[in-house]
Amino acid sequence: MRKPYLLVIIALLSCVSTARAQSAADATAIKQTALDYIEGWYEGNAERMERALHPELAKRIVRTDAKTGRSGLGQMSALSLVQGTRAGGGKSTPKEKQQKDVTILDVFENAASVKIVASDWIDYLHIARFNGRWVIVNVLWELKPAK
């Protein structure tokens, strides 16, 4: 009597759709998007930065006032990131300090979460396949503690 139940369970499990893992091409494109963003910043290359971003990107940081303890949300747009990059961005960061560790945390269908450990901050990126291209739509970031 156990055998029929086992066969039913196996049949059901085989029908359950699993999360679609990224293809090698997707993983490469996602990582390249993240690298265009961080390397574009360090190079002062506005074209690379712009290529990596969705035009409606929101980059945010939670800042807490030391005196009041109240938190506020700082925000940058795609345009402000591109303009900041064009103005020199991270070019003042010496090459030996240009950390750009990219880790793909998760991918499902057309959405990916990526972590970048940079020289002075950590970015958590939401990257989406938009019109066939992987672009950054959200960034939540945090400054590293001062040493």
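Predicted model: local features only at pLDDT ≥ 70, side-chain atom pairs only at ≥ 80, totals over all residues.
**First stop: the largest pocket.** Select Thr93, Glu96, Lys97, Gln99, Ser119, Asp120, Lys144, Pro145, Ala146 and Lys147, and you have the lining of the largest pocket on screen. The space inside comes to about 210 Å³.

**Second stop: the second largest pocket.** Now select Tyr37, Ile38, Trp41, Met49, Lys59, Met76, Ser80, Leu81, Trp121, Asp123 and Trp141, which line the second largest pocket. Helix 2 (24–43), helix 4 (78–86) and strand 5 (121–130) each give two or more residues to this lining. Helix 2 provides the largest share, with three residues. About 170 Å³ of space lies in this pocket. Colour by class again, and the lining of the second largest pocket shows eight nonpolar residues, two charged and one polar.

The charged end of Lys59 sits over the Trp141 ring, 4.9 Å from the ring's centre.

**Last stop: an aromatic pair.** How many aromatic pairs does a search of the whole structure find? There is one, and you can see it by selecting Tyr42 and Trp121. Their rings are tilted, with 45° between the planes and 6.4 Å from centre to centre. Because Tyr42 belongs to helix 2 and Trp121 to strand 5, the pair ties together parts that are 79 residues apart in sequence. Show the surface here if you like: Tyr42 and Trp121 are both buried.

Terms used: Residues numbered from 1 in each chain as written. Heavy atoms only, no water. 1 Å grid on protein atoms, 1.4 Å probe; cavity = no way out; pocket = protein on both sides within 12 Å on 5 of 7 lines; lining within 4 Å. Points joined across faces, edges and corners; volume = space filled by probe spheres on them. Helix = DSSP H or I, 4+ residues; strand = E, 2+ residues; numbered from the N terminus. Nonpolar A, V, L, I, M, F, W, Y, C, P; charged D, E, K, R; others polar. Phe/Tyr/Trp six-rings, centres within 6.5 Å; stacked < 30°, edge-to-face > 60°. Buried < 20%, exposed > 50% of the residue type's maximum accessible area, 1.4 Å probe, protein only. Lys NZ or Arg CZ within 6 Å of the ring centre and 35° of its normal.
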